[in-house]
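Here is a short tour of one protein model, written to be read with the coordinates open beside you.

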Amino acid sequence: ADKATGEVIRQKVVNRFRATSFGIWNCDRPLPPMMASVKANFKDQDGNSYEYQTAYLVDKSRNTVVQFLAQKGAKLVFNRNSQNLLWLVTKDNKIAVCRPEDFNNIEAKASSYTFVFQKIDKGINSEKDVREILQL
């Protein structure tokens with residue numbers, strides 16, 4: 001069941017498209033001007049570090065998800081004018097989250113920041129469960 005939970009969570013995050021001919025295919029979006037960048041560290045609510053785990057940054061105003069590797073000193077770029085949500089799947093297949101309010105604690109001139117995730121101790125059996133936890 002734990003392995004199945006991880007798959008339910010992960011399969012809805014990856015975006016794919018099919019190229020129908022040769023050429024240049026661009027699937028990004030221009031970045032808004034109010035972008036901020038910090039060297040990030042990632043910890044759980046007990047102070048334990050998350051290292052080398054896939055994490056996801058949701059920018060709600062642009063309806064985008066960026067997948068990256070959560071590790072000490074990772075460069076995290078986010079839009080200060082948006083509601084941002086940061087989440088990952090823990091090794092025991094639970095979701096850990098940093099809510100939009102957490103991004104408001106980052107000072108404007110900060111060069112580094114430690115994100116503290118709150119682990120949600122709830123079973124996940126469907127996409128609906130994931131959306132409820134992430135409030136999406």
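## Order of the elements

Reading from the N terminus, the elements follow the pattern α-β-β-β-β-β-β-α-β-α. That makes three helices and seven strands in the protein. Please keep in mind that this is a predicted model.

Of the 136 residues, 36% count as buried. Among contacts between residues at least 6 apart in sequence, 61% join residues at least 24 apart. The protein exposes about 9,100 Å², and carbon and sulfur atoms supply 47% of that area.

The seven strands form an open sheet in the order 3-2-5-6-7-1-4, and the pairing is mixed. Strand 3 and strand 4 are at the edges with a single partner strand each, so one side of each has no neighbour in the sheet. From one strand to the next, the twist averages 35°.

## Two nonpolar cores

Which residues have the most contacts inside the largest nonpolar core? They are F42, F68, L76, L86, F115 and F117, in a core of 21 residues. The elements that give two or more residues to this core are strand 1 (35–44), strand 2 (53–59), strand 3 (64–70), strand 4 (74–79), strand 5 (84–89), strand 6 (95–98) and strand 7 (112–120). Strand 1 provides the largest share, four residues.

## Helix 3 and its end

Which residues of helix 3 are buried? Within this helix, which spans residues 127–134, they are D129, V130, I133 and L134. Viewed down the axis of helix 3, the buried residues fall within an arc of 125°, so they line one face of the helix. As a general point, an α-helix has 3.6 residues a turn, so residues three or four places apart point the same way.

After helix 3 comes Q135, which has a positive phi, near 55°.

## Two asparagines with positive phi

N63 is not a glycine, yet it has a positive phi of about 55°. N63 is found in the loop between strand 2 and strand 3. N93 is likewise not a glycine and has a positive phi of about 60°. The loop that holds N93 is the one between strand 5 and strand 6.

Are these residues buried or exposed? N63 is exposed, with a relative accessible area of 68%, because the cut-off for exposed is over 50%. N93 is buried at 14% relative accessible area, because buried means under 20%.

How values were computed:
Residues numbered from 1 in each chain as written. Predicted model: local features only at pLDDT ≥ 70, side-chain atom pairs only at ≥ 80, totals over all residues. Heavy atoms only, no water. Core = buried A, V, L, I, M, F, W, Y, C linked by side-chain atoms within 4.5 Å. Buried < 20%, exposed > 50% of the residue type's maximum accessible area, 1.4 Å probe, protein only. Arc of directions from axis to C-beta. Contact = heavy atoms within 4.5 Å. Areas by Shrake-Rupley, 256 points an atom, 1.4 Å probe, with all protein chains shown as cover. Pairing = 2+ DSSP bridges. Axes fitted to C-alpha atoms, helices over the stretch in contact; angles between N-to-C directions.
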